[in-house]
Amino acid sequence: MTSSTFAAGAARIMRPLLKSNRRDVAGTALSGVSALAAGIIVLMVAIIMGNIIFFGWRTVTWEFLSAAPREGMTAGGIFPAIFGTTALVVLMVVALIPFGVGAAIYLHEYARPTSRFTRLVRFSVNNLAGVPSIVFGLFGLGFFIQFLGHNMDRAMGLDMVWGQPSLMWAALTLAMLNLPVVIVTTEEALSAVPNDMREAALALGATRWQTIRNVLLPQAMPGILTGAILSVSRGAGEVAPIMFTGAAYFLPYLPTLPTDQFMELGYHVFVLATQSTDVDATRPLLYGTVLTLLLLTFALNLSAIALRSRLRAQLAGRS
Amino acid sequence: MTLGTAHVQSVRSRPVPRSGHRSRQRAREAIIGVALRACAFAAIAGLVLIMLFVFRGALPVLFDAETMREANLTKFTETWMWQPVGDVPKYGLMPLVIGTLKVVIVAMIFAVPVSVLAAIYASEFAPSRVRESLKPVIEILAGIPSVVLGFFALIVMASWLQSVTGSSSRLNALNAGLALGLGIIPVVFTVCEDALRAVPRSYREASLALGASRWQTAWNVTLPAASAGVAAGILLGLARAVGETMIVLMASGNAALVSASAFDSVRTLSASIAAELAEVVVGSPHYSVLFFLGSMLFVTTFVINVAAGIFVDRLRRRLRGA
């Protein structure tokens with residue numbers, strides 16, 4: 001007996017066994033690979049966060065947060081960018097919330113779900129959420145600045161007050177970008193309010209609007225706040241829509257009017273990372289700015305998540 | 001006389017004050033209804049205005065004789081060169097289209113398997129403790145602004161990749177594609193996981209009761225049942241990848257080269273707009289061409305998103321029918 005015939009014989013005996021095992025081998029492999037995929041994501045996030053925190057935490061001091069950039073942005077702090085970002089998102093929220101909440105109330109409380117208008121609104125909201133942010137930038141430039149702004153200047157006989165990039169136009173552009181966020185979260189909050197409440201209010205003789213204002217809105221407040229916070233955290237990080245509509249490379253003064261330009265954290269990261277004259281001097285500032293932006297975004301996101309989970313618990317407790 | 005009748009009317013209405021109150025209230029209700037409807041209309045108006053004004057900026061490329069001498073549809077496809085600044089500007093779009101495709105393909109090859117498999121793991125295999133800790137990690141990744149991912153790819157990842165691959169250009173399609181993949185993982189993962197979780201438990205229980213193992217159930221029962229949702233997640237990720245700007249602007253090197261290699265620097269449609277729009281004269285041919293690029297991005301992402309919406313509807317119908 002040669003060894004090769006022995007092997008063939010062994011294989012013939014083993015084959016049924018192997019066949020039944022093959023499934024489990026493939027099964028273990030698949031669950032292993034899927035766990036690996038999840039692991040890759042976790043690892044990537046850990047590396048990115050670790051790198052930024054490790055190289056950034058030393059820079060983020062009170063002085064860094066409260067001082068203006070110096071020496072061609074190779075020294076100093078980022079206060080103007082923090083100020084500009086805050087002003088930007090405040091203006092954005094003021095413009096955004098009434099429309100977003102109003103639209104959500106209409107969709108959830110007034111509209112017939114199958115009507116053509118309702119379907120068209122939902123279609124628009126979904127697709128608005130998918131428009132690339134750079135296209136919002138083009139739109140802001142083409143519509144707000146070149147069309148609205150220029151025509152306002154012409155009508156008032158002014159020379160380039162509205163028809164140029166500014167805090168106001170950037171905030172409005174961001175507001176449009178975030179409209180779907182607020183509509184979706186507000187609707188979610190409204191559907192968490194049980195129908196009994198609406199019926200009780202209406203049965204007591206309250207009108208539709210009284211029911212909404214005195215019963216639904218107070219109940220839905222956490223959800224509306226969640227939407228507002230999420231839109232702020234997204235607004236604070238978006239750069240493409242504000243590059244041409246108001247963000248400035250560097251400004252020696254703080255913006256005081258809605259028609260002023262402004263510095264912004266995300267744009268500042270882009271500028272420091274790509275246009276720096278002295279890479280080594282800029283690097284600590286760059287890491288510090290990135291860490292500040294991340295901390296700001298995460299603080300906002302965390303509070304939104306906390307609010308939302310409270311809302312969901314409320315919802316689960318009721319049903 | 002007129003005063004008198006007014007007085008009489010007001011006196012007559014006084015004993016029944018509620019009817020006046022009622023009608024005022026009814027008017028107020030009607031006005032509020034209209035105002036809320038107008039807010040909802042703002043969403044439609046927003047989308048239409050975006051379409052209108054981005055297309056409007058691109059129109060001279062198709063109709064204005066002056067602009068068309070420099071930039072028109074034939075020139076877009078004829079010259080395979082993107083040199084918008086110079087004595088004879090060349091607006092060939094092919095390098096940008098190819099660049100976009102290269103980066104997007106790299107991103108999808110990286111992000112789709114990782115996020116779909118991770119979603120399967122989270123919904124089918126992971127112990128609930130692991131699953132609950134995976135969620136915040138994805139939320140963290142989703143919360144990282146794209147400019148930060150771009151920064152990371154530009155400053156850190158590019159050097160690592162270069163030392164591994166030994167490519168001559170530090171910033172290239174591979175680097176931008178991987179960073180872009182990171183950016184779309186949360187979208188694909190979240191949509192896929194939601195779809196998998198929406199598959200009724202009875203499907204899994206029936207399969208397990210018939211003697212199938214957990215992976216057989218996941219692969220042959222749950223995944224096919226949720227396939228429309230997985231497709232929607234992949235499409236939404238694709239749309240995001242095509243339109244994403246800051247990551248590719250910072251990580252791709254921005255040289256408009258035509259090549260098949262992932263190790264060459266590339267320039268994408270979105271990055272060209274971001275890099276060039278600030279220096280362009282309003283109304284010049286270059287300005288119109290950039291709006292044309294924006295229109296291309298808008299139409300592409302719009303079509304992909306509509307397709308994703310169809311898949312979402314199909315999933316919803318299938319699971320409701322079950």
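At what angle do helix 6 (residues 94–125) of chain B and helix 9 (residues 173–198) of chain B pack? In this predicted model, local features need pLDDT of at least 70 and side-chain atom pairs count only at pLDDT 80 or more, while totals for chains, interfaces and linings use all residues. Residues are numbered from 1 along each chain as its sequence is written, and chains are lettered from A and ligands numbered from 1 in the order in which they are written.

The angle between helix 6 and helix 9 of chain B is about 35 degrees, and their axes are 6 Å apart. Axes are lines fitted to C-alpha atoms, for helices over the stretch in contact, and angles run from 0 to 180 degrees between N-to-C directions. Helix 6 of chain B and helix 9 of chain B form a right-handed crossing; a crossing is right-handed if the near helix is turned clockwise from the far one by less than a right angle, and left-handed if anticlockwise. The contact of these two helices has 23 nonpolar, four polar and three charged residues. Here Ala, Val, Leu, Ile, Met, Phe, Trp, Tyr, Cys and Pro count as nonpolar, Asp, Glu, Lys and Arg as charged, and the others, Gly among them, as polar.

A second pair consists of helix 10 (residues 201–209) and helix 11 (residues 214–225) of chain B, whose axes come within 10 Å and cross at roughly 155 degrees. Helix 10 and helix 11 of chain B are therefore roughly antiparallel to each other, a term for angles over 145 degrees. Their crossing is right-handed. Tyr203(B), Arg204(B), Ser207(B) and Leu208(B) in helix 10 meet Thr217(B), Val221(B), Thr222(B) and Ala225(B) in helix 11. This contact comprises four nonpolar, three polar and one charged residue.

Chain B as a whole contains 15 helices and two strands, defined as DSSP runs (helices H or I, at least four residues; strands E, at least two) numbered from the N terminus. Of its 322 residues, 50% count as buried, that is, with 20 or more other C-beta atoms, placed from the backbone, within 10 Å of their own.

Between the chains, the contact takes 68 residues from chain B and 67 residues from chain A; two residues are in contact if their C-beta atoms, placed from the backbone, lie within 7 Å. Helix 2 (residues 17–58) of chain B supplies the largest share of the side of chain B that touches chain A, 20 residues. That side of chain B divides into 50 nonpolar, 14 polar and four charged residues.

Terms used. Buried ≥ 20, exposed ≤ 12 C-beta atoms within 10 Å, placed from the backbone. Parallel < 35°, antiparallel > 145°, perpendicular 65-115°, else oblique.
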